[in-house]
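Here's a quick tour of how this fold is put together. Have a look at the model, then read on.

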Amino acid sequence: MEKLDKKKFGDFLYYYKFHIVAVLFVILVAVILIQSLMKRDDESQFTIVDWTSELSITAGEELIKEFSGVADIDDEYTLYSKSATFLQDNVKMENLEQMMGVKNLTGRIEAGYIDIMLVYRTREYDVEVVGNIKEIIPSDLYEKLSDYIVYQADGKGGINYEVPIGFSANKSSKFTEVFGQCDFNIVIQIPEKALHLEKSIEFLKFLYNL
């Protein structure tokens, strides 16, 4: 019986050796890529994560490069990233996370590695995750941006006007200049635990010409 099992195992390796090598290669590349991304955003002095599929990453990189000149940040230490470069919250990869120290999107937000988030309207992160924007930015700036405030959706097709969670990107002339007219409403969110919160506030002023 043992010899038979060994033979089956040997046959399996013989017939599927190239498949196994290919899978191992893909895993290795994924590990290197994710570790590289982790190192990059850990070193970043300002990070924007784009949750949308509509915005051009090239345009996003141009936007953050222009802002880095205004905010006196070395653009080598800025990062405009699509959310696909992170583990999604609904992906169950606990072993990979433990092995590599990778956190999901919510984990990155809570760790402060994300300074600005661009998300579709009604798909915003809840106030429990990002915080109340009114309490995050200075009150005078909040008043100046009052026409652009976005309130949390209540999950029932309505809006909770007591919970402000971000600002309308579509109403920013700079945003439209860079990305063009968008077919969908896009919201700018600032996590309250952002490591570079002062830069996030500067970014709002830059985006709305304040």
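Which residues have the most contacts inside the largest nonpolar core? They are Leu118, Ile137, Phe167, Phe175, Phe203 and Leu204, in a core of 34 residues. A nonpolar core here is a set of buried Ala, Val, Leu, Ile, Met, Phe, Trp, Tyr and Cys residues joined through side-chain atoms within 4.5 Å, with buried meaning under 20% relative accessible area (1.4 Å probe, protein chains only). Helix 9 gives the most to this core, 5 residues.

Some ground rules: this is a predicted model, so to speak of local features takes pLDDT of at least 70, side-chain atom pairs count only at pLDDT 80 or more, and totals for chains, interfaces and linings use all residues. Residues are numbered from 1 along each chain as its sequence is written, and side-chain values use heavy atoms, leaving out hydrogens and water.

Next, the sheet: it is open, has 6 strands in the order 2-1-3-6-5-4, and its pairing is mixed. Strands (E, at least two residues) and helices (H or I, at least four) are DSSP runs numbered from the N terminus, and two strands pair if DSSP finds at least two bridges between them. Strand 2 (78–82) and strand 4 (149–153) are at the edges with a single partner strand each, so one side of each has no neighbour in the sheet. Strand 3 and strand 6 run antiparallel, joined by 4 bridges, and Val119 stands opposite Val187 in strand 6.

| Helix | Strands touched | Angle |
|---|---|---|
| Helix 2 | strand 1, strand 2 | about 160 degrees with strand 2 |
| Helix 9 | strand 1, strand 3, strand 5, strand 6 | about 65 degrees with strand 1 |

Notes:
Buried < 20%, exposed > 50% of the residue type's maximum accessible area, 1.4 Å probe, protein only. Contact = heavy atoms within 4.5 Å. Axes fitted to C-alpha atoms, helices over the stretch in contact; angles between N-to-C directions.
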